[in-house]
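The stops below follow one after another.

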Amino acid sequence: MSVRVLSAVAMLAAVAMTAEAQGGPPSKVTFTGGRGNISNTVAIPANAAVVWTSGTVPSVADTSAPAGSRARFGDTKTQAISVLKAIETRLKEHGLGMKDVVYLRAYLVPDKEKGGTIDVTGWNEAYGQFFNNATNPVKTARSTVGVLALVNPEWLVEVEAFAVFPPQ
């Protein structure tokens with residue numbers, strides 16, 4: 001046999017032994033690692049059904065506030081709470097809840113009223129009302145991405161969520 005074939009066979013054997021040592025896919029959603037209020041990884045069981053939400057944006061917080069005013073949609077925390085409540089409602093339509101969320105991707109826009117900086121504190125405070133708390137101890141895997149703008153210039157937050165149905 002050539003050295004390439006032997007190398008390939010050795011690599012496949014190592015992968016197979018590693019998978020066997022790990023016991024294969026998990027039987028339930030497993031959150032591991034991480035610091036603070038998020039996990040580094042989430043392992044999902046084989047053949048698990050998932051729900052992915054599209055980017056969810058905030059609802060108007062104050063219908064009496066004029067368009068373009070800060071009060072109309074609120075600050076980052078207010079908008080993030082609105083977004084997470086909307087995601088919670090969408091998940092309920094499928095028989096799921098925030099405890100079933102395994103991953104969030106948040107897009108945050110710099111806030112003019114905070115010196116043009118991204119209000120990560122406001123985002124984390126909103127997140128903490130839904131995750132990693134006494135009601136819902138789940139610490140999702142999460143990405144927070146700073147972007148220049150969203151489609152509506154009044155929006156400061158847009159979030160995508162990925163949830164997994166619990167095993168039957």
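Select helix 3 and helix 4: the two pack at an angle of about 35°, with axes 8 Å apart. Axes are lines fitted to C-alpha atoms, for helices over the stretch in contact, and angles run from 0 to 180 degrees between N-to-C directions. On the helix 3 side, the contact (heavy atoms within 4.5 Å) includes Thr76, Ala80 and Leu84, and on the helix 4 side Trp123, Ala126 and Phe130.

This is a predicted model, in which local features need pLDDT of at least 70 and side-chain atom pairs count only at pLDDT 80 or more, while totals for chains, interfaces and linings use all residues. Residues are numbered from 1 along each chain as its sequence is written, and side-chain values use heavy atoms, without hydrogens and water.

Next, select residues 76-92, which form helix 3.

Now color the largest nonpolar core, which has 30 residues. Such a core is a set of buried Ala, Val, Leu, Ile, Met, Phe, Trp, Tyr and Cys residues joined through side-chain atoms within 4.5 Å. Its largest share, 6 residues, comes from helix 3.

Which residues have the most contacts inside this core? They are Trp123 and Phe131. Center on Trp123: among the residues touched, not counting those up to four places away in sequence, are Leu104, Leu108, Arg142 and Val159.

Notes:
Helix = DSSP H or I, 4+ residues; strand = E, 2+ residues; numbered from the N terminus. Expected span 1.5 Å × (residues − 1). Buried < 20%, exposed > 50% of the residue type's maximum accessible area, 1.4 Å probe, protein only.
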